[in-house]
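Welcome, and thanks for taking a look at this model with us. Please have the sequence and the 3D view open as you read along.

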Amino acid sequence: MLKLADVIRKIEAVQPDADLDMVKRAYAYASEKHEGQTRKSGEPYITHPLAVADLLADLNLDVPSVCAAILHDTIEDTSATYDEVSTLFSKEIADLVDGVTKLGKLRFRNKEERQAESFRKMLLAMSKDIRVILVKLADRLHNMRTLGHIPVEKALGIASETRDIFAPLANRLGIQWMRTELEDLCFRYTEPDAYQLIRSKVNERRSDREAYIELVRVELERLMAVNKLEVDISGRPKHFYSIYRKMRDHNIEYEQVYDTIAFRIIVPEMQDCYAALGYVHSSWRPVPGRFKDYIGMPKPNHYQSLHTAVMGPHNRRMEVQIRTRAMHEIAENGIAAHWKYKERGPISAQDEQRFGWLRQLLEYQRELDDPTDFFEAVKDDLFQAEIYVFTPKGDLKVLPKGATPVDFAYAVHSEVGQRCAGAVVNHAMVTLDHPLRSGDTCSIITKTDQRPSADWLKFVRTGRAKARIRQFVRLAERTESHQLGTELLERALRKYKRSIKAETKAGRLEPVAHDLKTASISDLLVHIGYGKVTTDEVIDRIVPEDERKKTVEKPDGPIKKIIKAVTGAQDGIRVDGLEDVVTHFGKCCNPVLGDAISGYVTNGRGVSIHADDCRVLKDIDPKRRIEVYWDGKGKSSRPSELLVISANVPGLLASISQSFSEYGINITGVACKTDALRALNSFEIMVDSLSQLRGVMRAIERIPGVHAVQRVRH
């Protein structure tokens, strides 16, 4: 069993002048406070904080960190208080303990909100002192090691949270041994069948694997000795979760995972890394596309190493990592290997790049009031494979793999994201859903009247973009629903010579709002606009029955009741035979007069009009679909976009513009992309009808040098 003396020996080995008396006093205090408490395993509770302290001693952390580990549960689970810990030990230690302590006495709507707010609290403490998260990670690792003593359902929840939050945090901090152990422990509980399968397969081949590791190790040592390079070489099997992830991502069986063994070569100096790489590649054939230089371009957590895969002895594929001793120390222990605790307070300027991801987390917690939005943004954004994209000025933005120009725009600034109207990647116009790649240079085109679209949520990848778009969409929908609900209720009340203002002043509307499970009169109007509450439900509670019987009106159908408004027909559209309906056109397909169209009832925005073949309609519940028709009265110009592919010759653009002019079509935007032979010309135009659009397309096609004319739909 672990003893305090074991922890003290580890501290003495690296910190001869450490205040060991402080550690002993912390242990005595914690033992007294936890007296009588036991873990689920039946062991005295003090065994847990002592194990956490031992893990921090392994990371060579300072005495305040070790003391905070020993005391980390006292404020939360015993009669100890922050002031008492601060007085007996130090404010520094009390702040560390408080940073790790969960939110115990506040009330939350649900478990998810509590989880999110606890993480937010830990994040703020972590921004002031990074040791908070190191204590928390050690605490979580020991809990995961002893997870078998708690009920399966609860264990699964803890394992899932650890997989989603704490293992990625360990990776961000560069503590790789902790990340891999956390991932394997989580894998054991979240995917027990797959875990047992891989474990049994790995154990089956243990003797063969150990013999192969020794064979390669000896050969590598001989190779480096011949080239007079002093090295330390080790080989190891990849951890279970890494093997499982490869099987899952490539949809293959265990037997098809060839590089299950990794070798590590530790060299004296940086230039020796590249020399060793050359010796390895000269002896064994490299696997194409598997070389990665993390020395030239370190990971955000400052991990540096050369990675390559080669066909080793017996034609077996194996991974080789090459790094210096200093790189190896940072690769294994990350932030703990270089954090200087004598530099108290906020993160220093020289560490700004290293903690760019933490700064991003802090921006999220300031911007996103909703705890669930914040938590989802953290999970979405920070714990995925990354790409590196440059601004036109050369600033680097780190984004998750698969990110788009919209994600990039929000990474530059929230306001740039809100006004994003187009993008240029590597000097070429691209669509907003274009997947970016590492090394791209991206420039965002903004427009003052541009607004985020709910359709963006289908392709954005970053949590920040998702959260900000959702915020805007929710606010826009609420505003529109409030307006529609107000119009509908005013119309209903007018039949009884009443009004919202009068009913509110008389105090009759607020009780109705609460009776219908809404928080306020404003929320009631929003619910009416959404269709969640009908005006009849409100009228029944305000107007006496005898008064209601005097006014009889032909009832509307359920959909019409939601969408009818007091305004006249809009945009030349007739909905199911009615003229007084709120409508708006989908920007995804931009139908024009003459296109076959369909509509569907939205939450709070009336009816959305789309072309019959629009991809959006495929995902709409058929019950929300409604027939719509062009009204045919008057003119209603509609936006459209044409792509003209042509030869790159002088004067052609003028001829195309002349065709638009002859057909009376206004050009609202032009974007051109050219190379030596070809030109891609994108025209944003306003047209009155499909026949007018087709006419100008035919006219442009007849211009010498024009290869094709296409109507663009997003």
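## Around Arg-316

Leaving aside residues up to four places away in sequence, Arg-316 touches Asp-208, Tyr-212, Ile-261, Val-310 and Met-311, where contact means heavy atoms within 4.5 Å. Arg-316 sits in the loop that joins strand E5 (306–311) to strand E6 (317–324). Another residue to look at here is Asp-259: 57 residues separate it from Arg-316 along the chain, yet their C-alpha atoms are 7.6 Å apart.

## About the model

This is a predicted model, in which local features need pLDDT of at least 70 and side-chain atom pairs count only at pLDDT 80 or more, while totals for chains, interfaces and linings use all residues. Residues are numbered from 1 along each chain as its sequence is written, and side-chain values use heavy atoms, with hydrogens and water left out.

## The chain as a whole

The chain holds 30 helices and 21 strands; these are DSSP runs numbered from the N terminus, with helices (H or I) of at least four residues and strands (E) of at least two. Of its 714 residues, 48% count as buried. Taking contacts between residues at least 6 apart in sequence, 65% join residues at least 24 apart.

## Helices H22 and H26

Helix H22 (residues 463–494) packs against helix H26 (residues 535–542) at an angle of about 45°, and their axes are 10 Å apart. Axes are lines fitted to C-alpha atoms, for helices over the stretch in contact, and angles run from 0 to 180 degrees between N-to-C directions. H22 is therefore oblique to H26, given that angles under 35 degrees count as roughly parallel, over 145 as roughly antiparallel, 65 to 115 as roughly perpendicular and the rest as oblique.

Which residues make the contact? From H22 come Leu-488, Leu-489, Ala-492 and Leu-493, and from H26 come Thr-535, Val-538 and Ile-539.

## Two cysteines

How many disulfides are there? The count is 0, a disulfide being a pair of cysteine sulfur atoms within 2.5 Å. For Cys-420, the closest cysteine sulfur is that of Cys-442, and because it lies 8.0 Å away, it is too far for a bond. Cys-420 counts as buried, at 0% relative accessibility, and Cys-442 likewise counts as buried at 0%.

Notes:
Buried < 20%, exposed > 50% of the residue type's maximum accessible area, 1.4 Å probe, protein only.
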